[in-house]
Structure formats: structure tokens, C-alpha cells
Amino acid sequence: MASTPQHWDAAYAQGDTTRGWYQTEARASMGMLRDSGVGPGSSLIDIGGGASVLVDDLLDAGFDDITVLDHSAVGLDIARARLGERRDQVAWIVNDLLTWTPPRTFDVWHDRAVLHFLLDADEQHRYVEVLRAATHPGSIAIIGAFGPTGPEMCSGLPVQRYGVPALDALLGSNFSRITSRDDVHVKPDGSTQDYLWWAGRRTA
Ligand SMILES: C[S@@+](CC[C@H](N)C(=O)[O-])C[C@H]1O[C@@H](n2cnc3c(N)ncnc32)[C@H](O)[C@@H]1O
């Protein structure tokens, strides 16, 4: 199995609220934004946002320049349907992040549970290239990935687990770490997954 749009469309077609990554509120993400000094005046892109409720929480907090990118149209449709009229306050992009050419830059790049599906060094290198193209010096990158004690599979796919040194090494030549923290995600079935959250500011 591979992390294709078809794979993710089929996963979301079973309902977002039963998927392992589902959460009722984007608590860790909002905490990382606060701790990184990001307020509602910032533009933000949620990379691989799918059906995530982060966009709901950002709108509630007053963010007014939000973009959500995902290669799964089914995932994005769930978020759009849930938001109702508020969907029009958000820019939606259906694209593979690895083939995407950002038309603008954002103050914040947010990724929860996307980077860890990129197992190949070339894909990880491309991720950083797109991250650079979508940001400017001073932008903040916030990444939530499975931590060293996290699962080895998610949604039937193998993942790469990350510690702070690995994220520093991947992003360190472009971004200076602001903060990092461990976080436990409680899945809809009650089991847990260990995440590592990392935030850095682009230096040049
Ligand atoms: C585990 S889900 C996490 C979704 C969301 N970030 C959240 O926290 O609820 C992974 C998401 O990444 C998306 N994804 C995976 N690889 C992608 C890629 N190459 N380009 C765009 N989206 C991708 C999937 O479609 C899916 O929505």
C-alpha cells in the first residue's frame, strides 16, 4: 500500500471521526502556535490538513488567512461540509504537496501527521524544498510527527518516527528550533499514540 490520494480518499470515505488521527479539537497545534508567538494576524497553511478540525479552531480564534492543502479531495470535502458557509473563508488546494508550486508564501507552515509518511530521502528533501518555497525568512514551521515511541504504522502505511535531533537535522539549515514537546494523542478507540511536536523559525 502507498500514500496515494486513492488510499486517503478510501480512508476518509469510511468517515473521518473513526480514523486513528481524528481529534475533536486541535489542542496540540493551537498550543504550539501560542508557544511560537503566532496570533490571528498570521497567514497559515495546513499541509495535508485533510478533514482536520484545525481550520475550525483557527477560524474561531480569528485567523482570516487560512489555506488547507491535501491530495485527498474526499478529506477536504468533509472539512468543507462541516464548516458550511465558513468554508468560503478558507482557501482549499487539492494537490500532492511534493509536486506543488506555492503561488505565495505563508507566515506559518503547519503539518500534523504528514511528514512521517515520507520514507524516502528524496521525498523528505522535496518536502523541505516546498516548505522553503512556501515560507519567507521569519516564517514559523510547526510539525507534529510520530515520536521515538510512536507507532510504526498509521492507516495501514509504514511511517518514520522522529526525535528532536532528526527534525533539527532535516530542517535545521533553514529553521532554528523555537520549541519542541512530546504529546499523547488519544485515538477514537481509546488507544494512544506518542507524537513529537517541533516548531522553528526560518532564519534565512
Ligand atoms: C494522518 S492524516 C492527517 C490529517 C490531518 N493533518 C489531521 O491532523 O487530521 C494524513 C493526511 O496527509 C495527507 N497526505 C499524505 N501525503 C500527502 C501528499 N503527498 N500531499 C498532500 N497530502 C498528503 C492525507 O491525504 C491525509 O489527509
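How many aromatic pairs does the ring rule give in this structure? The count comes to six aromatic pairs, where rings of Phe, Tyr and Trp (its six-membered ring) pair if their centres lie within 6.5 Å. Please keep in mind that this is a predicted model, in which local features need pLDDT of at least 70, side-chain atom pairs count only at pLDDT 80 or more, and totals for chains, interfaces and linings use all residues. Residues are numbered from 1 along each chain as its sequence is written, and side-chain values use heavy atoms, with hydrogens and water left out.

**Aromatic pairs**

- Planes under 30 degrees apart count as stacked, over 60 as edge-to-face and the rest as tilted.
- Trp109 and Tyr127 form an edge-to-face pair, because their ring centres are 5.4 Å apart and their planes stand at 85°.
- This pair links distant parts of the chain, with Trp109 in strand 4 (residues 106–112) and Tyr127 in helix 5 (residues 121–133), 18 residues apart.
- Helices (H or I, at least four residues) and strands (E, at least two) are DSSP runs, numbered from the N terminus.
- Trp109 is buried at a relative accessible area of 0%, and Tyr127 is also buried, at 0%.
- Here buried means under 20% relative accessible area, exposed means over 50%, and partly exposed is in between (1.4 Å probe, protein chains only).
- Tyr195 and Trp197 have ring centres 6.4 Å apart and planes at 20°, so this pair is stacked.
- Tyr195 is buried at 2% relative accessibility, and Trp197 is buried at 1%.
- Trp197 belongs to strand 9 (residues 192–202), and its C-alpha atom is 9.5 Å from that of Tyr162, 35 residues away along the chain.
- Trp8, Tyr12, Trp21 and Phe117 are joined into a cluster by ring pairs.

**Around the ligand**

- Which residues come nearest to the ligand? Of the 19 residues around the ligand, these are Tyr12, Gly48, Asp70, Leu97 and Arg112.
- A residue counts as near a molecule or strand if one of its heavy atoms lies within 4 Å of it.
- Helix 1 (5–13) and strand 2 (66–70) each supply at least two residues of the shell around the ligand.
- The side chain of Tyr12 has an N or O atom 2.7 Å from an oxygen atom of the ligand.
- Gly48 places a backbone N or O atom 2.8 Å from a ligand nitrogen atom, while for His71 a backbone N or O atom lies 3.3 Å from a ligand nitrogen atom.
- On its own the ligand has 590 Å² of accessible area, and the protein covers 98% of this; such areas come from the Shrake-Rupley method with a 1.4 Å probe, and for residues only the protein chains shown count as cover.
- The ligand sits in the largest pocket.
- A pocket is found on a 1 Å grid over the protein atoms alone, as an open set of points with protein on both sides within 12 Å along at least five of seven lines, using a 1.4 Å probe; lining residues have an atom within 4 Å of a point.
- A molecule sits in a cavity or pocket if more than half of its atoms lie within 2 Å of its grid points.

- Ala113 is not a glycine, yet has a positive phi of about 65°.
- Ala113 is in the loop between strand 4 and helix 5, and is buried at 13% relative accessible area.
- Ser155, also a residue other than glycine, has a positive phi near 55°.
- Ser155 is in the loop between strand 6 (153–154) and strand 7 (157–158), and is partly exposed at 24%.

**Other positions to look up**

- Arg19 lies in the loop between helix 1 and helix 2 (27–35), and is buried at 15% relative accessible area.
- Gly62 is in the loop between helix 3 (54–60) and strand 2, and is partly exposed at 39%.
- Gly62 and Ala81 are 19 residues apart along the chain, and their C-alpha atoms are separated by 20 Å.
- Glu123, in helix 5, is partly exposed at 29%.
- Glu123 and Leu98 are 25 residues apart in sequence, with their C-alpha atoms 7.3 Å apart in space.

Methods
A polar contact is a pair of N or O atoms within 3.5 Å; within protein, one must be able to donate a hydrogen and the other to accept it, and residues adjacent in sequence count only if both atoms are side-chain atoms.
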